[in-house]
Amino acid sequence: MTATTSLPEVAPTGGTGPSHPAGTRGNTLLRLRESAADYVFYLPVLVVFVVLFAIPVVQSLYWSFTDFSVRSPEPEYVGFANYGRIFNDSSMMTALWFTLAYTIGTTLIVTVLAIPLAVVLNRRFVGRNLVRSVFFFPAIPSIAVLGLVWGFILSPIGSGVLNTVLDAVGGLGPVPWLSDPQLAQLSVILVGVWSQLGWHAILYLAYLQSIPSDLYEVATIDGASRRQQFFTITLPLLTPAVTVSQLLLLTNGLKVYDLPFTLTGGGPGYATYTMTQSIIQRGIAQAEFGQASALAVVFMLIVGAVVLLQLAVARRLEGRIR
Amino acid sequence: MRTRARWGSVTTSLVMIPLAALVGFPFYYIVVNTMKTQQETANSPLALPTSLNFDNYVEVFQTLPLVQSFANTFVVTVASIVLMLVVGSMAAFASLIRQTWVSRAIAAMLVLAFVVPFQSTLIPLYRMLVDWRLVDTLQGLVVLYAAGSIFCYFLIQGYMRTVPFEVIEAARVDGAGVFRIYWTIVLPLIRPILITVGVFQAMWVWNDFITPNVFISSPRNETLVLQVYSAVGQFSVNWPAFMTLTVIVLIPMVIFFVVMQRHIVNGLVQGSIKG
């Protein structure tokens with residue numbers, strides 16, 4: 001499960017330190033290998049994998065081809081009917097559409113803002129540590145709670161603080177941040193950007209700090225401007241960070257649920273409805289297990305494709321850098 | 001040249017500090033309003049409170065079982081993290097002492113878990129927990145969070161290569177069994193990665209909303225985040241009380257952030273930078 005929401009999921013094998021040549025290791029291990037008990041250490045993780053991943057995935061696949069629901073508790077084969085219905089149902093299609101819009105929106109905006117932010121946070125200035133911490137902090141608390149807080153800030157009535165400020169500054173009437181469909185979608189995306197920006201900037205910062213400073217010294221001596229240095233040194237050396245960060249943003253975006261759910265509840269109408277909310281609504285609340293399973297399978301295929309891409313690109317980049 | 005650099009630094013500060021203030025604004029907003037009455041919040045939402053008034057804190061603690069939900073969250077987080085780290089490190093240890101085709105096959109199989117989002121297993125898992133009578137229990141949440149052990153396995157396994165094999169070999173020659181080697185030699189040696197992974201997974205479990213929202217229904221089993229969500233309706237007109245609730249819930253996270261900042265950033269980098 002990649003539900004570790006904000007975790008970098010790439011690079012499961014972070015190889016640090018010297019690895020031992022397989023041959024010599026094999027000999028020294030002879031005595032250990034005599035004991036079959038060693039494999040017992042795999043047992044817990046295998047139980048976790050079978051019970052929490054393998055069996056549920058197979059069940060989801062099976063149910064997605066049946067009419068299994070509270071109304072028909074004996075699953076009966078219905079072919080691809082559930083899959084076909086996804087594309088004819090407006091709530092499921094809007095969910096798919098908004099999930100994609102959120103994913104692409106947050107990925108693009110965060111990437112465009114986080115790189116310059118990281119470059120600035122890498123310079124020396126008064127208050128730098130405080131500024132870094134403040135930008136990073138929104139990634140720490142639960143986004144569900146932050147979504148609720150933003151609900152108050154964006155509220156159209158009375159003390160909605162953003163509207164109060166807009167009114168005081170420019171005499172603008174209350175802006176329906178959360179009750180107009182397009183504005184609600186924009187609000188969700190912008191709050192999503194706010195909560196993730198600093199986190200990704202810190203990720204880029206870590207990569208920036210690993211760029212040797214003599215590269216810049218040489219470039220300065222050669223007369224390269226700051227801008228040229230950014231485009232010819234910084235950006236190319238940041239490529240691995242861009243891959244990691246973007247693919248994290250993509251997977252987290254596709255799996256988004258907490259933020260729209262607590263900020264808008266999926267509304268107005270279905271404007272900010274997500275695929276996850278749709279699966280939960282169909283599968284748990286309405287107990288249409290077959291239909292919800294089909295949606296879950298489609299969702300898994302989309303996320304799976306992105307994760308596989310993520311692993312493939314990361315592996316390839318790694319090969320090029322070494 | 002030096003003065004120019006200094007001026008540049010001043011400009012950066014002048015730009016970045018207001019920007020940071022903007023980013024941190026929601027936190028300022030909720031904190032100042034915890035010490036106001038409803039009337040004051042409506043009239044001047046951004047002003048500093050006129051006095052140190054803790055009535056809202058008293059009210060929130062009186063109306064909600066916050067201690068209970070804090071205890072629930074704490075127990076679930078600690079139990080889940082211990083379970084994940086034990087399961088993950090055991091498997092990583094197995095892959096260290098057994099570098100055979102079986103180990104490679106298991107590793108390849110476990111990678112598949114990364115392709116499966118929680119949402120896609122949600123409905124079968126829900127029905128499974130119903131069968132096991134674990135829906136709406138804290139144990140049920142811990143069972144679900146155990147899924148995180150696979151992520152732990154991969155991070156720990158990467159770090160375990162740094163364990164000098166001679167140490168294990170020596171212990172073996174001295175007659176120590178595998179369980180003793182795992183427990184008394186390997187676990188202490190990999191403590192840094194256990195802390196990093198533990199901190200990261202703890203943030204996930206503590207903050208998680210989707211699992212308790214789907215699996216917990218009775219108020220006495222609510223986690224903190226779920227309790228905040230359920231209380232929105234209750235405090236829909238009393239904004240200061242709601243802000244107070246969120247501040248109370250955020251305080252442990254702020255402390256955690258300040259104490260663990262180094263480990264959090266470490267974990268963030270560890271997962272992405274190699275070597």
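I counted the secondary structure of chain B and found 14 helices and 0 strands. Read along the sequence, the pattern is α-α-α-α-α-α-α-α-α-α-α-α-α-α. I note here that the model is predicted.

**Confidence.** I looked up the scores before going further. The model has ipTM 0.87 and pTM 0.85. For chain B the mean pLDDT is 86, and 96% of its residues reach 70 or more.

**Overall dimensions of chain B.** I took the radius of gyration of chain B, which is 24 Å, whereas a compact globule of 275 residues would come near 19 Å. Along the principal axes, the C-alpha atoms of chain B fill a box of roughly 75 × 70 × 35 Å. I also checked burial: 45% of the 275 residues in chain B are buried. Of the contacts in chain B with a separation of 6 or more, 76% join residues 24 or more positions apart.

**Interface.** I listed the contacts between the chains and found 85 residues of chain B touching 92 residues of chain A. On the chain B side, helix α1 (residues 2-33) gives the most, with 11 residues. By class, the residues on that side of chain B are 58 nonpolar, 22 polar and 5 charged.

**One helix pair across the interface.** A packed pair is described by the angle between the two axes and the distance between them. I picked helix α3 (residues 43-64) of chain A against helix α4 (residues 66-97) of chain B; the angle is about 120° and the axes are 7 Å apart. From α3(A), the contact uses A:Pro44, A:Val45 and A:Val48. From α4(B), B:Val87, B:Gly88, B:Met90 and B:Ala91 take part. I sorted the residues of this contact by class and got 6 nonpolar, 1 polar and no charged.

**A length check in chain A.** With 16 residues at 1.5 Å a residue, α12(A) should span 22 Å, so the 23 Å between its end C-alpha atoms agrees. I then listed buried residues in α12(A), among them A:Pro240, A:Ala241, A:Val244, A:Ser245, A:Leu247 and A:Leu248. Further along α12(A), the buried residues include A:Leu249, A:Thr251, A:Asn252, A:Gly253 and A:Leu254.

Key
Residues are numbered from 1 along each chain as its sequence is written. Chains are lettered from A and ligands numbered from 1 in the order in which they are written. This is a predicted model: local features need pLDDT of at least 70, side-chain atom pairs count only at pLDDT 80 or more; totals for chains, interfaces and linings use all residues. Helices (H or I, at least four residues) and strands (E, at least two) are DSSP runs, numbered from the N terminus. The radius of gyration is taken over C-alpha atoms; the globule rule is 2.2 Å times the number of residues to the power 0.38. A residue is buried if 20 or more other C-beta atoms lie within 10 Å of its own, exposed if 12 or fewer, and partly exposed in between; C-beta atoms are placed from the backbone. Two residues are in contact if their C-beta atoms, placed from the backbone, lie within 7 Å. Axes are lines fitted to C-alpha atoms, for helices over the stretch in contact, and angles run from 0 to 180 degrees between N-to-C directions. Ala, Val, Leu, Ile, Met, Phe, Trp, Tyr, Cys and Pro count as nonpolar, Asp, Glu, Lys and Arg as charged, and the others, Gly among them, as polar. The expected span of a helix is 1.5 Å times one less than its number of residues. pLDDT is the predictor's confidence in each residue, from 0 to 100.
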